[in-house]
Protein chains: 2
Amino acid sequence: MMLDHEALRTADPSDIRTAIRNGSYSGHTAGLAPDRLQVNLAIMAEEFALDFARFCQRNPKPCPLVGVSDTGERVLHTLGHDLRVDTDAPGYCVYHNGVLQQQPTDISDIWQDDFVTFALGCSFTFEHALAKAGIAMRHIDQNRTVPMYRTSLDLVPAGPFGGGMVVSMRPLLPQDIERVRSICAEFPLAHGAPVHVGDPSEIGITDINAPEWGDAVDIRDGEVCVFWACGVTPQNAAIRAQLPVFLSHRPGAMLITDVDERANPPVLQD
Amino acid sequence: MMLDHEALRTADPSDIRTAIRNGSYSGHTAGLAPDRLQVNLAIMAEEFALDFARFCQRNPKPCPLVGVSDTGERVLHTLGHDLRVDTDAPGYCVYHNGVLQQQPTDISDIWQDDFVTFALGCSFTFEHALAKAGIAMRHIDQNRTVPMYRTSLDLVPAGPFGGGMVVSMRPLLPQDIERVRSICAEFPLAHGAPVHVGDPSEIGITDINAPEWGDAVDIRDGEVCVFWACGVTPQNAAIRAQLPVFLSHRPGAMLITDVDERANPPVLQD
């Protein structure tokens, strides 16, 4: 039986993961399991994993590392009980040599014994905190995917991984910005405070109405563009590195963990 | 010419590193280059580095990762200009199969092309903040090395790395503990807030007057034992793992970086 988003809104993280694993749900995860950490996935062969770990350590705002699996293991012990990396995200992207080849809902049949999974914090965490504080976000009000852009903000390279930072944008009123900055700074494992406020061209964005990923949103009179480091950055770096095989979650279809989204460190205590 | 601690008190980080590199200073680094991040070093062959990175990610309170070198490189680009890992700490410990073999002041002649250096945050950072806030620390007043203990607090293992957490202890008055907790929590990359307050036996410490490392300090009437995750933990885990070769700084003789000790992320911006 297929379940819709509404049916899962009040479900436990483990029940949601089971529904996804069984093929009963393959939609987006925004708003599901509120207060639980949701994570971006980056999965690659072990030979690239040390460089990727270095890349995350050197660029923690776009790549906040919240979990690393043992080689070949399909679980992330520190993030959930009975949490499976290869079946529990609603969708995956499979890249060969930097080219998207397929978007399956399950990667258990293409799993390799040398795979290492990296889990990275995601913007849902700070968006949730902003919503609780009464800050409206345009892409949510317009029911769109947040707009994301390549920028000229250089990353610190590591091995084959490098390039520019990818950012997400939310238009805000100037009087809200300091409060937003201070709320987001409380979540260093979810991209933290904004990386840029104001003129998009200062960070190499030529057309704010033409995002590289996601959807353009309305920017109203008096609003300012506010930019956050984005979890598409590591995906973009891995594609740019043209790894023979690289897998990620499907954008918006995150892996839901058992960990509280405020937990720092994000490590299960029992 | 040999320099003493006093002569370096007002020197720049790079001048201090140069003095150490030239063999003009080999003492401890507490109180030098105030406001700059000082780091613990853990150096090992690349084959163990991915597991060690996982170990740090899973145990961030004792092992707060602030830098990882490229394989074979003797520098840490993100932490300093002209900063050399093999010459710029005042002293090193060299372990073979988990046994301390020598304590040289320079490891440039035993460097291996497969070495990876991990830099980890250190307690000097929060001690500096506590001192500024007027919190006296007994080991400093008594001119001793902070007492450190093995505990029954389990670490999350990764590959050959595991075991129990090592903690440091500072006796405090009960009325200061909440303020201390809140100051230290601001420094997640320097072990953060205490991991235990009160009865040492609750975390497996049988004799508070017999620390495994450092010196016992006086505990006065009315004072409570306060315990922090300690940077000796990763060293202890590497010794326990009996790596063929493992190198660390000499306790108290840290590597001084150019990065502000409050910087998060600790990545040079120029």
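This is a predicted model: local features need pLDDT of at least 70, side-chain atom pairs count only at pLDDT 80 or more; totals for chains, interfaces and linings use all residues.
- On the side of chain A, the helices touch through Ala49(A), Leu50(A) and Ala53(A), while helix 3 of chain B brings Ala49(B), Leu50(B) and Ala53(B).

**The contact between the chains**

- Taken as a whole, the contact draws 16 residues from chain A and 16 residues from chain B.
- Within chain A, helix 3 (49–58) and strand 2 (65–68) each supply at least two residues of the side that touches chain B, and helix 3 gives the most, with six residues.
- The side of chain A that touches chain B is made up, by class, of ten nonpolar, three polar and three charged residues.

**The fold of chain A**

- Chain A has a secondary structure of seven helices and eleven strands.
- The radius of gyration of chain A is 18 Å, close to the 18 Å that the globule rule gives for 270 residues, so chain A is as compact as a globular protein of that length.
- Along its principal axes, the C-alpha trace of chain A spans about 50 × 45 × 35 Å, and 48% of the 270 residues of the chain count as buried.
- Of the contacts in chain A between residues at least 6 apart in sequence, 76% join residues at least 24 apart.

- Arg150(B) lies in strand 6 (residues 148–154) of chain B and counts as buried because it has 20 C-beta neighbours inside 10 Å.
- Once neighbours within four places in sequence are left aside, Arg150(B) is in contact with Gly164(B), Val166(B) and Glu212(B).
- Helix 7 (residues 232–240) of chain B is mostly covered, with seven of its nine residues buried, among them Val232(B), Pro234(B) and Ala238(B).
- Just after helix 7 of chain B, Gln242(B) takes a positive phi of about 50°.

**Backbone features**

- In chain A, a cis peptide bond with omega of about 10° joins Asn264(A) and Pro265(A), and Pro265(A) is placed in the segment after strand 11 (255–260) of that chain.
- In chain B, a cis peptide bond joins Asn264(B) and Pro265(B), with omega of about 10°, and Pro265(B) is found in the segment after strand 11 (255–260) of chain B.
- Asp35(B), a residue other than glycine, has a positive phi near 80°; it sits in the loop between helix 2 (13–21) and strand 1 (36–45) of chain B and is exposed, with 11 other C-beta atoms within 10 Å.
- Asn143(B), which is not a glycine, has a positive phi of about 55°; it belongs to the loop between helix 5 (138–141) and strand 6 of chain B and counts as exposed, with 7 C-beta neighbours inside 10 Å.

Methods
Residues are numbered from 1 along each chain as its sequence is written. Chains are lettered from A and ligands numbered from 1 in the order in which they are written. Two residues are in contact if their C-beta atoms, placed from the backbone, lie within 7 Å. Helices (H or I, at least four residues) and strands (E, at least two) are DSSP runs, numbered from the N terminus. Ala, Val, Leu, Ile, Met, Phe, Trp, Tyr, Cys and Pro count as nonpolar, Asp, Glu, Lys and Arg as charged, and the others, Gly among them, as polar. The radius of gyration is taken over C-alpha atoms; the globule rule is 2.2 Å times the number of residues to the power 0.38. A residue is buried if 20 or more other C-beta atoms lie within 10 Å of its own, exposed if 12 or fewer, and partly exposed in between; C-beta atoms are placed from the backbone.
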